[in-house]
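Let's take a walk through this structure, one stop at a time. Have the sequence and the 3D view open as you read.

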Amino acid sequence: MTPEKVLDALRNVQEPDLGKDIVTLNMVKDIVISGNTVSFTVVLTTPACPMKDMIGRACENAVKLLVNKEAVVTVNFTANTSTNRKDTGAVLPKVKNIIAVISGKGGVGKSTVSANLALALAQGGAKVGLMDADIYGPSVPIMFGVRGERPMMKSMGSGEKGMIVPLERFGIKLMSIGLLVDEKNAVIWRGPMASSAIRQFVTDVLWDELDYLVIDMPPGTGDIHLTLVQTVPVTGAVIVTTPQDVALADAKKAIGMFSQAQIKVPIIGLVENMSYFTPAELPDNKYYIFGKEGGKRLAEEYDLPFLGQIPLVQSIREGGDMGVPIMMSDDMISRKAFEEFSANATRSIAMRNADMNAAKVAEVIE
């Protein structure tokens with residue numbers, strides 16, 4: 001065995017999402033050969049890569065079939081999260097991907113989806129932050145069990161302004177207006193004030209190095225959405241809907257907003273929440289309370305990736321209310337749904353990073 005022969009064999013292993021072999025994509029490093037043993041490292045596009053096991057098996061088979069059938073193959077994995085931010089600039093310079101979770105209306109479960117997406121990405125090994133951009137109805141403090149806690153300020157040196165240090169919970173960084181104001185008080189702000197708060201969450205919070213910053217957006221298509229895309233280069237948006245027609249009609253507005261020529265934020269895909277009700281005592285039963293597969297049809301209509309279906313399960317609601325999201329529980333039915341959704345979202349992000357120009361701040365004509 002020689003490194004050259006091993007590389008030639010690995011040219012037969014495709015990265016399934018990017019459509020090229022792992023050698024051409026420069027994903028193979030550190031080949032070490034000793035007798036019949038060979039080890040090498042495959043550099044994945046994200047720590048949370050759902051294809052890791054499949055790629056590992058394909059590498060082992062390629063070496064045994066094409067180089068040495070007696071070979072003892074060790075495939076190590078590392079990750080260099082893909083990004084389409086070429087010029088990071090002054091705004092969130094160490095954040096590789098910025099994901100906005102949006103819908104056209106409230107009550108469809110954006111905060112639940114955002115929280116568990118962030119946790120699923122983190123459990124895959126990624127560095128993740130969650131920013132609650134819902135100024136008037138923040139949910140993150142309740143959902144993560146940090147009500148009443150306050151973030152600290154960190155001095156950045158003489159002559160520089162201090163930065164807010166986000167809270168950390170379950171391995172992810174958190175920021176919400178609910179961590180800065182008393183939860184008994186309503187935030188009675190006009191649009192410019194709310195937009196200013198969002199800008200501060202981006203520029204004055206010490207997010208540091210992140211593979212993914214998930215942003216839980218407020219309902220609608222208004223000031224805060226425009227401020228966000230004008231302030232930060234958003235990698236893409238995840239659309240959340242339920243199967244019913246009322247939610248689908250508003251999801252179409254969210255898709256329309258982010259598809260406009262002057263905004264041009266790519267849609268990572270669409271996820272259908274509350275797809276069906278499954279009682280704990282009958283885990284194989286599905287009751288389609290809000291209609292069936294409306295989100296799937298909408299994704300097909302707009303030619304968007306369909307990222308998955310999240311069931312309506314009592315434990316998801318209980319977990320959010322108790323401050324322990326479902327991804328931190330032992331409810332395997334709900335966890336599996338969120339893990340599949342996260343895996344599909346991760347793949348869609350990697351594909352868009354490979355195919356698209358660098359993410360830019362939108363220039364919105366107002």
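Start with lysine 252 and glutamate 301, whose side chains meet in a salt bridge, at 4.0 Å from N to O. Lysine 252 belongs to helix 7 and glutamate 301 to helix 8, so this pair ties together parts of the chain that are 49 residues apart in sequence. Lysine 252 has a relative accessible area of 34%, so it counts as partly exposed. Keep in mind as you look around that this is a predicted model.

While you're on helix 7, which covers residues 245-259, have a look at aspartate 250 as well. Is aspartate 250 buried or exposed? Its relative accessible area is 18%, and because the cut-off for buried is under 20%, aspartate 250 is buried. Leaving aside residues up to four places away in sequence, aspartate 250 touches Gly104 and Lys105.

Back to the salt bridges. How many does a search of the whole structure find? The count is eleven. One of them joins aspartate 208 to lysine 94, with the closest N and O atoms 3.2 Å apart. Aspartate 208 is in the loop between helix 5 (191-203) and strand 12 (210-216), while lysine 94 is in the loop between strand 5 (72-79) and strand 6 (95-102), so the bridge ties together parts that are 114 residues apart in sequence. Both ends are partly exposed: aspartate 208 has a relative accessible area of 39%, and lysine 94 is at 45%.

Now for glutamate 209, which forms a salt bridge with lysine 127, the closest N and O atoms being 3.6 Å apart. This pair also links distant parts of the chain: glutamate 209 is in the loop between helix 5 and strand 12, and lysine 127, 82 residues away, is in the loop between helix 3 (110-123) and strand 7 (128-132). Lysine 127 counts as partly exposed at 46% relative accessibility, and glutamate 209 gets that label at 43%.

The aromatic pairs come to three by count. In one of them, tyrosine 276 and tyrosine 288 sit edge-to-face, 6.0 Å centre to centre and with 65 degrees between the planes. Both tyrosines lie in the loop between strand 14 and helix 8, so the pair ties together parts that are twelve residues apart in sequence. What about their exposure? Tyrosine 276 is buried at 12% relative accessibility, whereas tyrosine 288 is partly exposed, with a relative accessible area of 34%.

Another pair is phenylalanine 277 with tyrosine 287, this one tilted: the centres are 6.4 Å apart and the planes make an angle of 35 degrees. These two residues are also in the loop between strand 14 and helix 8, so their pairing ties together parts ten residues apart in sequence. Phenylalanine 277 counts as partly exposed at 28% relative accessibility, and tyrosine 287 does so at 38%.

Which ring does lysine 286 lie over? The answer is tyrosine 276, with lysine 286 over its face at 4.6 Å from the ring centre. As for tyrosine 288, the charged end of lysine 292 sits over its ring, 4.8 Å from the centre.

Methionine 274 isn't a glycine, yet it has a positive phi of about 55 degrees. You'll find methionine 274 in the loop between strand 14 and helix 8, where it is buried, with a relative accessible area of 17%. Aspartate 303 also has a positive phi of about 55 degrees without being a glycine. Its place is the loop between helix 8 and strand 15 (306-309). Aspartate 303 is exposed, with a relative accessible area of 70%, whereas methionine 274 is buried.

Key: Residues numbered from 1 in each chain as written. Predicted model: local features only at pLDDT ≥ 70, side-chain atom pairs only at ≥ 80, totals over all residues. Heavy atoms only, no water. Phe/Tyr/Trp six-rings, centres within 6.5 Å; stacked < 30°, edge-to-face > 60°. Helix = DSSP H or I, 4+ residues; strand = E, 2+ residues; numbered from the N terminus. Buried < 20%, exposed > 50% of the residue type's maximum accessible area, 1.4 Å probe, protein only. Lys NZ or Arg CZ within 6 Å of the ring centre and 35° of its normal. Contact = heavy atoms within 4.5 Å.
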